[in-house]
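Please read this report with the sequence and the model side by side.

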Amino acid sequence: MERVPILKIGDILLVSIQVDMSDQTAIQLQEDLAERIVATGCHGVIIDITALDIVDSFVGRMLSTIASISKVLDAETVVVGMRPAVAITLVELGLSLNGIRTALNVERGMELIAATRADDRDVVFDDEDDETTATP
């Protein structure tokens with residue numbers, strides 16, 4: 001079974017999918033990624049799908065599941081490198097990829113995660129009345 005490499009860049013994990021995603025490879029990736037998020041404390045996951053010519057409903061569901069797992073573990077997910085044909089296929093299949101943000105390339109994905117984290121730091125929780133306010 002092939003494993004998908006997970007690289008750490010700062011507080012971001014980069015997953016570059018270069019292989020066909022079998023069921024077992026996808027399940028292993030989900031487990032490996034969850035373990036790496038916890039072990040490293042990373043707050044962002046970038047999934048590079050540049051090498052994928054075709055994304056079927058299975059891969060679409062796998063991406064959504066990874067994003068959900070990452071979110072529960074306090075990490076934002078950004079999918080990068082989506083080809084136009086892949087985007088069209090996902091829309092035609094009715095896969096909205098809930099919880100996943102997209103960017104054209106890895107650099108933009110990293111910027112998107114950094115901006116999201118900066119926005120999160122601007123939110124202050126007031127314990128007295130359980131309201132959330134943004135600081136200017």
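The report goes from the overall layout to the sheet, then to the cores, and ends with the salt bridges.

**Overall layout**

The model is a predicted one, and the protein in it has 4 helices and 7 strands. Read along the sequence, these elements follow the pattern β-β-α-β-α-β-α-β-α-β-β. Of the 136 residues, 39% count as buried, while the accessible surface comes to about 7,900 Å², of which 53% belongs to carbon and sulfur atoms. Among contacts between residues at least 6 apart in sequence, 70% join residues that are at least 24 apart.

**The sheet and the helices on it**

An open sheet is formed by 5 strands in the order E1-E2-E3-E4-E5, with mixed pairing. Strand E1 (6–9) and strand E5 (101–103) stand at the edges with a single partner strand each, so one side of each is left without a neighbour in the sheet. From one strand to the next, the twist averages 25 degrees. In general, strands of a sheet pair through backbone hydrogen bonds, either parallel or antiparallel. Strand E4 (residues 76–80) pairs with E5 in the parallel sense over 3 bridges, and the bridge partner of Val78 in E5 is Arg101.

Helix H1 (residues 23–40) packs on this sheet, where it touches E1, strand E2 (12–16) and strand E3 (44–48), and its direction makes about 25 degrees with that of E1. Helix H2 (residues 57–72) also packs on the sheet, touching E3 and E4, and the direction of H2 makes about 150 degrees with that of E4.

**The nonpolar cores**

The largest nonpolar core holds 28 residues, of which Val15, Ile17, Met21, Leu29, Leu33, Ile47 and Met62 touch the most other members. Two or more residues of this core come from each of E2, H1, E3, H2 and helix H3 (84–93), and H2 gives the most, with 5 residues. Leaving aside neighbours within four places in sequence, Leu33 is in contact with Ile6, Leu13, Val15, Val45, Ile66 and Ser70. Another core, of 8 residues, lies apart from the largest one, and among its members are Leu14, Ile46, Val78 and Val80.

Ser70, one of the contacts of Leu33, has its place in helix H2. With a relative accessibility of 1%, Ser70 counts as buried, and beyond its neighbours within four places in sequence it is in contact with Leu33, Ile37, Val45, Ala75 and Thr77.

**The salt bridges**

| Pair | N to O distance |
|---|---|
| Arg3 and Asp32 | 2.9 Å |
| Asp53 and Arg83 | 3.1 Å |
| Lys71 and Glu76 | 2.6 Å |

Arg3 lies in the segment before E1 and Asp32 in helix H1, so this pair ties together parts that are 29 residues apart in sequence. Arg3 is exposed, with a relative accessible area of 52%, whereas Asp32 is buried, with a relative accessible area of 13%.

Asp53 lies in the loop between E3 and H2 and Arg83 in the loop between E4 and H3, so the pair ties together parts that are 30 residues apart in sequence. Asp53 counts as exposed at 52% relative accessibility, and Arg83 is partly exposed, with a relative accessible area of 35%.

In the salt bridge that Glu76 forms with Lys71, Glu76 counts as buried, at 12% relative accessibility.

Terms used. Residues numbered from 1 in each chain as written. Predicted model: local features only at pLDDT ≥ 70, side-chain atom pairs only at ≥ 80, totals over all residues. Heavy atoms only, no water. Pairing = 2+ DSSP bridges. Axes fitted to C-alpha atoms, helices over the stretch in contact; angles between N-to-C directions. Contact = heavy atoms within 4.5 Å. Core = buried A, V, L, I, M, F, W, Y, C linked by side-chain atoms within 4.5 Å. Buried < 20%, exposed > 50% of the residue type's maximum accessible area, 1.4 Å probe, protein only. Areas by Shrake-Rupley, 256 points an atom, 1.4 Å probe, with all protein chains shown as cover. Salt bridge = Lys/Arg side-chain N within 4 Å of Asp/Glu carboxyl O.
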